[in-house]
Amino acid sequence: MSIARSASSLQLARETRERFVLATEGAIVPLARAVRDRLTQLASEVGSARAMQEHRDDFVAFQGNASQWVSLAQTGWRKALGESGPSGFHSSTSHTQMLRLELIGDEVVESNILSSRLAQVIHDRASFELSDLRLRIQHLEGTSELDGKDVLKPETLAKLLVEQWLAAGLSRQLWARVQETVQAQLVDVVAKAYEDANAHLVANGVMPEIDLKSFVRRTGGATGPGAPGTAGAAGVWQAGGPVAPGGAMSSTASVPGTFQRGGGVPSGGSPLATARQRAQTALLNLKRFVTGRIGGDTGNSTQPASSIGIDGRGTAGGADFGAPRPFSRTFAGAIADAEAAYRAAATQYLDAPGEQATLIQQSAVDLRRRSTELKKRAPTTADKATVEIVALMFQAILAEERIPFSARVWFARLQMPVLRVAIAEPEFFGTLQHPARMLIDRMGSCVMGFDAAAISGSALENEIKRVVQVIEQYPETGQRVFKLVFDEFVAFLNRYLTQSDTAQRVMSVAQQVEQKETMAIQYTIELRKMLNDMPVRDEIREFLFKVWAEVLAIAALRYGGQDEQTVTLKRAASELVWAASAKPSRTDRARVIQDLPQLLQRLRQGMALLGIVDEPQEAYIKTIGATLSDAFMLKTEAIPQAKIEAMAERLAHLEDFVSDSGGDADLPLDATNIELLLGVDASAIEVVADTAGARASEDMLAWANELQVGTWLMLDHNDRVSQVQFVWRSDRKQLHLFASADGRSFLIQAGRLASYLQAGLLTPAEEETLTVRATREALAKLDANPERLLN
C-alpha cells in the first residue's frame, strides 16, 4: 500500500535511479569489449576442427552485431528508467498480467533462464547493498516493494541485456558461451553502483542508520488480525515441508565434513553422497518424529512457515503466503530474558575457579533449566517442540569434550539466538545450508582439532567470541546476521591458518610452482603457433617446446616478463630458429658463425636457470651444434627475415597472449624441482605429487575441491598417520596445503589428493558435522523418551 510522499522525496528517488542507470550504462561498452576479447582468445586457440570453426563463427557473429547490441542495450536501459518508480499504472498492469493466463514458449523460458543466472550472480554479490537501497527507496516513495520492472532490480538489467542480445541477431548459445565473461565484467560495476546510490541517499539524510529489525519479514497463513501470530516452527513439521527428502540442495558453501557437491546428483555409493544422505536423513527423521507427536497443531497457521530473506526472495519453501507472521512478543521477550540471564552466568563460568568439567556441567544444567521455563511459556505445541529440540542439540554440543572448555561456553551462548531463528525460520530444521548451522559447523570443525591450551587466549578464540557477541547484538535479524558473521569467519580462517612464516613460505613457493608450470604450458602453445608454418628441424622444435618454454617461464617468474634478462632469453629463441634454417647465402653463413658463441652462451645460461647443467646441458648443445652445421648444407628455402622479426616481436610480448587459465594442466612437482627452479629450501614441505597414469574418479576430484579451509583430517602417508588441518588451496585448485600439529606441512596435488580420498588414506576426522551429530543425539533421546518433547 502506497503512502503519499512529498515531491522532494520522489524527486530524490528519481535522481538516485538516474545515477544508477548512468553508472551501469557506462559498463555496456567495456562489457562488449571484454566479450570481443574473450571470443578473440577462443578463436586463436588450437583445438578440434569443429571447435575452432565454432569459435571463429562466434567471433564473426559478434564482430558484426556488437555495435547494434550496445546501441540497443543503452537505449533500452535509458527507456527502462522511465518505467521505474511508484505508479498506479504499473501496479495495475502487473496485477492484470498476473491474472492473465497464457502459454509461454520454450524460447522465452530459455531466455529467462539465461537472464536469471546473471541476475542471481549480481544478487549474490550485492545482496546487502541492494537490500539497503531497496529499504531507502521504499522509505522515500512510501511503498512496500519495488515495482517488478524497476531498474534497481538486478532482474531488470539482466533481462534487458539478454533481450537486446537476441534482438541484435546474436544467439542464445553464444550468450551461454560468454556468460562467465559477462558476469565477471558486470557484477562489480553493478555492486559499486548500488554502493554509490546508497551513499548518495545517506548524504541526503535518507536513513543513515537502518534498523536491522526491518530486514525480517516472516510469512504465513494467519487466521485474522486478532489471531496470535505464534505459528513459529510449525511449518517445518508438516508433511512436504521446506526441504523434500533427497531434494537438491543449495550450491552455496558446503557443510564441512559432509563434503556436499552443490546442486549435483550424487553418485551412488561414494563417500561424498553417503555423508550427504546420512545428514539429510537425520533431519528428515527428526521431522517425521515431531510430526507424529504434535499432529496438526500448527500454531493457528494453515501453511508451512517460510522465511523471506533480506533480498525479498523466499528461502526453503520459497513461497510467499501473505501477511507477516512474527511470533508472540511475550514469548520473544521471554527468550530475550533467558538469553541475558545466561549471558551473565556464562561470564561467571569462564572466570570461576574449579574443574572445567564441573563448570561445563553447571552451564548445561543452567541452560536446561532456562529451556524448561521457556517451554512452559511457549504459546503453541510447535514452539514447545522447537525449544526442546534446540535445547537437546546444544546439550549435545556442550557434552562434546573435543571442543575446548572456553569455546564450549561461547557455543552455549548461541542457544537462545538459534532458538529465536528456529522459531521464526523453520527451515533451520530442514536444510543443512541454513547460515546458523553452517556457522556452528564451521567453528566446530576448526576447534575440535586443537587442545585447550592452543585455543585459550588465541586469535581463534577471540574471533569466536566476537562472532557470538555480534549475533547477540542483533537478536531479530534472522539468518542475515548469521550469514554475515559466517562470511567474516571464513575470511578470518583464511588469514589465521596461513599466518605462520612456514605456511607463508610454502604458499609462496606453491603458487610460484603452479604459476611457472601454467606459463610454461602456455608458452609452449604459443611457440607451436609461431613455428606452425616454418620449416624448422624437429630437434630444434623439441628443444624449444620441452626446454626453452620452461626457461622463459622461469625467467618471467623470477625477473618479470619485460626484464632485460628475460627479453634476452626470448630473443635467443628467434635467433636459434633463424640459425637452424637453410643458409644458401654466404653472408648469412658468416653471420651465423659470428653470432654463434653468444647464442650458445645464452642457451647455456637459460638451461642453467632451469637446473640443466653438466652432461645433460652438453648433450643439448651438441645436438644444437650438429643441427646448425647441417643448416649450412640445406638446399631448402630460407625462412624470410620478416617472419623471424615477427616471431621476435611476438616473443617480446609473449605475456599478452598468455591467459590465466590452465588449471587442468599436469604439473610436474617434487621437492627437487622446487629447490632447483625457485632457489628455496623445501625441507619444511612434504611434497605429495601426482603419480603418472593415475586417475581418480570425478566424484573424488569434486570431493577434493569441496574441502573447506579449517577442516581436520587424518592423513596416512608413507605408513605414518597424522592429524592434519586443511589450511590453503592454490588459485587454480591444483595444490593443497595441510599442516600438522608437529610443524610438518604437506603439499598435495589435486589428482593425488583425490586418489588419497578414494583409497581412504585421507579421511575426515569427523564423519558428521557438529549440528548433524547434535540432531542425531537429540533424536535418540526423543525416541527413548518421547514424552519430553511437549512436557
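Me: Where do Asp-595 and Arg-591 lie?
Reply: Both sit in helix 22 (residues 586–610), 4 residues apart, about one turn of the helix. Bear in mind that this is a predicted model.

Me: What do the side chains of Asp-595 and Arg-591 meet in?
Reply: A salt bridge, 3.8 Å from N to O. Asp-595 is partly exposed at 33% relative accessible area. Arg-591 is partly exposed too, at 38%.

Me: How many salt bridges does the count come to?
Reply: 28.

Me: Which residue forms a salt bridge with Asp-150?
Reply: Arg-17, with the closest N and O atoms 2.6 Å apart. That pair links distant parts of the chain, 133 residues apart. Asp-150 is in the loop between helix 6 (127–141) and helix 7 (154–167), while Arg-17 is in helix 1 (residues 7–25).

Me: Asp-150: buried or exposed?
Reply: Buried, at a relative accessible area of 1%. Arg-17 is buried as well, at 2%.

Me: Which residues are linked in a network of salt bridges?
Reply: Glu-339, Arg-343, Arg-413, Arg-420 and Glu-472.

Me: Switching to strands. How many bridges join strand 7 to strand 8?
Reply: 5, and the two strands run antiparallel. They form a hairpin with 4 residues between them. Gly-743 in the turn has a positive phi of about 95 degrees. Phe-738 stands opposite Phe-746 in strand 8.

Me: Why is strand 8 largely enclosed by the rest of the structure?
Reply: Because 5 of its 5 residues are buried. Both faces are covered, with Ser-745, Leu-747 and Gln-749 on one side and Phe-746 and Ile-748 on the other.

Methods: Residues are numbered from 1 along each chain as its sequence is written. This is a predicted model: local features need pLDDT of at least 70, side-chain atom pairs count only at pLDDT 80 or more; totals for chains, interfaces and linings use all residues. Side-chain values use heavy atoms; hydrogens and water are left out. Buried means under 20% relative accessible area, exposed over 50%, partly exposed in between (1.4 Å probe, protein chains only). Two strands pair if DSSP finds at least two bridges between them. A salt bridge is a side-chain nitrogen of Lys or Arg within 4 Å of a carboxyl oxygen of Asp or Glu.
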